[in-house]
Amino acid sequence: MGEPGTKELLSLEDLEAAGGLHTGRKHILSILVENQAGVLTRVAGLFARRAFNIDTLSVGPTEDHNVSRITLTVDGALHPIDQVTKQLHKLINVLKIRDLEPEDTVTRELALFKISVEGPQRAEVMQICEIFRGKVVDVTRRSVIVEITGTTDKVEGFERMVRPFGLIEMMRTGEIAISRGRGET
Amino acid sequence: MRAVDAIMECLKAEGVEVVFGLPGGANLPTYDAFVDGGIRHVLVRHEAGGGHAAEGYAKATGRVGVAFATSGPGATNIITPIVDAMMDSVPMVVITGQVRTDLIGTDGFQETDTLGITMPVVKHSYQIRWPLEIPRAIHEAFHIARSGRPGPVVLDIPVDLSRAEIAYEPVTDLHLPGYQPTIEGNTKQIRQAAKAMASARRPVIYAGGGVINAEASEQLFEFATADRFPVTCTLMGLGGFPALHPQWLGMLGMHGTRAANYAMDEADLICCVGARFDDRITGKLSEFAPHAKFIHIDVDPAEISKNIPAHIPIVGDARHVLIKLIKEYRSLDGVQGSRLDEWWAKIEGWREKHPLRYDDSTDAEIKPQYMVEALYEATSGDAIVTSDVGQHQMWAAQYYHFNKPRRWINSGGLGTMGFGLPAALGAQVGCPDQTVVCIAGDGSVQMNMQELATCAEDKIPIKVFIMNNGYLGMVRQWQDLFWDKRYSHVDMGSYPDFVKVAEAYGATGMRFTDKATLVGDMKQALATEGPVVVDVRVTREENTYPMIAPGQPARDMVG
């Protein structure tokens, strides 16, 4: 690909290829940050300006009220994960980063589905809900809201099953992750 | 005491002697504290000038540069220097005023989200939310700005909080659990690096601004001369190794010497000290130094293996790592100095065949390269030289042979036109006994000329030599080389009259057009009291060579 300062024409194909449309292993980064104003902006801003994509993001308090945890997932092939974590480490308010191994990690996300159901469909949706160990948290004559907790795969599996019924809305929290065993994440 | 008086106390405790700034509504209380705060304040004419002056001060002295600006436009005006300091790792603390807390978020008069717009371009930043936070925040800011990989830190202080009455107590315990820069390199890695250097047959030391920042030039010299390692420096590293030394290959990169670039291209081992494999160094990345293994020493771990995978990564400050590396190298047995004979023969061959050269004029015409050589002679090579950005910057880097660190002050990473004049101002304030010259472009210098008034008013005797070719020369060169010479908006015409501008600002204006008398004329300009602006008329269309064309490998240098 030519240098932007030179006359050589750039084809859209070249641009696309340079952009890299790879996929790779999902990385779950668990980041402990000081609980201060603007920290999330710093983390999110860093991803934006280094052109790293965040797939999911979840933020919340921890057992220590001075510290919050950000759990985010990124595509490891798209961005050298080593660069991502090193750049994150440069943020003063970032205390600790772990790139969690999927086998040694328990991950969960929460999703809410508002599904259009009329007449006999209701029973079918309820059945699917049961299989996925979901919870019906709201019912009207023409809709139900189902709560699903689980791994991303499970949430996406449920979504596939109920979409044909008429998925009015879906909301997901993004994954949180905790390492297995006695040690701290 | 008032919070603003505490600010003055904190600055004094940090050893600050001077602040470059401009007052406004949102920092009125702070400026009141300057009246008897015991800290020198240089009133600049534009906040960008203040920021670059703080950078020039920092680069010349190694201390933290400090700039003040008001909220809104004051803060936005100083963004460029902040980014510049981030790109070139300059220790700087910028304190901005902010509208009072109850106005924040309401689009108040002169309100801007300073924290938000500076966030991507700072090492760290603070917005004060409570007056008692001020002293700790200031001390943390200085610590962060100067330690590890230096950089800019912004403190945004709402005007009402700065008026608060606080009980000031000096802060002595800084607690930054998320910030612990690694300074000492790993001994095992360093030993490995020493062994690799001892067995390399075509080694090159590639040194950058990290050597200057870490005050490691003596150590670099000692290490390089512990054997006969060839040394090249980046634009930011010039002066880190004496340019007159026989082991010096010249600068590398886009406008570096052939000897330096060819040596990188054929090296079997490259020892990078405090540099970051920027695209202006590597050219085509996939063909950069194809035979080399890399030792990468950097205080910022994120730079290691960012662009080029390092075989021996060493995280640490250049000075500390080099001290250990010298020791390890000296303790090795049986190092064959003669293994480098062949390599040096090759390098000498390149040097002989491709020295830095230009076709000098045979009449009165002043070639831009000659102008730099003349200035080198007129200053006995002993000035602090700042520059703007463009052709003149490259010629200054090539032909003013920097023998000592902190003598070459320019904008490398961001490439900021308008940097040179205010940077010279700041450098002169920091080094009042030295000759400070600015080699400026006729395009660049107009971007911060207003600071001439500051120089005249405060008797800051910088000497500005404008390399005047009436063009935005580097852009013209690219249009010439890569765009079929279709010149588009690069001709700057014949205005302003720089001599008159200088005089209007209270400086001395001169114009030199004759090569024959140039060195003498320059000496006269240098001997003139107070700030001087010299309009040096040079060849209009001269290209900067040699050159690695954009996106090409080093071995295909042209010119």
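Predicted model: local features only at pLDDT ≥ 70, side-chain atom pairs only at ≥ 80, totals over all residues.

Biologist: Which helix does F482(B) lie in?

Modeller: Helix α20 of chain B, residues 473-482. Helices here are DSSP runs of H or I with at least four residues, strands are runs of E with at least two, and both are numbered from the N terminus. The C-alpha atom of F482(B) is 9.1 Å from that of A549(B), and the two residues are 67 apart along the chain.

Biologist: What does α17(B) pack against?

Modeller: Its buried residues pack against α20 of chain B, along with β9 (248-251), α16 (368-378), β13 (384-387), β15 (436-441) and β16 (463-468). Contact means C-beta atoms, placed from the backbone, within 7 Å.

Biologist: And why is α17(B) called largely enclosed?

Modeller: Because eight of the nine residues in that helix (391-399) are buried. Among them are H392(B), M394(B) and W395(B).

Biologist: Switching to α2(B), which residues are buried there?

Modeller: P29(B), T30(B), A33(B) and F34(B), in a helix that runs over residues 28-35. Their arc around the axis is only 155 degrees, so they sit on the same side of α2(B); the arc is that of the directions from the helix axis to the C-beta atoms. The cover over the buried residues of α2(B) includes α1, β2 (40-43), β3 (65-69), β4 (92-98) and α8 (159-162) of chain B.

Biologist: How does α1(B) pack with α7(B)?

Modeller: Helix α1 (3-13) and helix α7 (134-146) of chain B have axes 9 Å apart at an angle of about 30 degrees. Axes are lines fitted to C-alpha atoms, for helices over the stretch in contact, and angles run from 0 to 180 degrees between N-to-C directions. So α1(B) and α7(B) are roughly parallel (under 35 degrees; over 145 is roughly antiparallel, 65 to 115 roughly perpendicular, the rest oblique).

Biologist: Which residues meet there?

Modeller: A3(B), A6(B), I7(B) and C10(B) from α1(B) meet I134(B), P135(B), I138(B) and H139(B) from α7(B). By class, that contact has seven nonpolar, one polar and no charged residues. Ala, Val, Leu, Ile, Met, Phe, Trp, Tyr, Cys and Pro count as nonpolar, Asp, Glu, Lys and Arg as charged, and the others, Gly among them, as polar.

Biologist: What about the angle between α9(B) and α14(B)?

Modeller: Helices α9 (187-199) and α14 (318-330) of chain B pack at about 55 degrees, with axes 9 Å apart. That makes α9(B) oblique to α14(B). By class, their contact has eight nonpolar, one polar and three charged residues.

Biologist: Now chain A: is V106(A) buried or exposed?

Modeller: Exposed, because V106(A) has 12 C-beta neighbours inside 10 Å. V106(A) lies in strand β5 (105-116) of chain A. Leaving aside neighbours within four places in sequence, V106(A) is in contact with A177(A), I178(A) and R180(A).

Notes: Residues numbered from 1 in each chain as written. Chains lettered and ligands numbered in written order. Contact = placed C-beta atoms within 7 Å. Buried ≥ 20, exposed ≤ 12 C-beta atoms within 10 Å, placed from the backbone.
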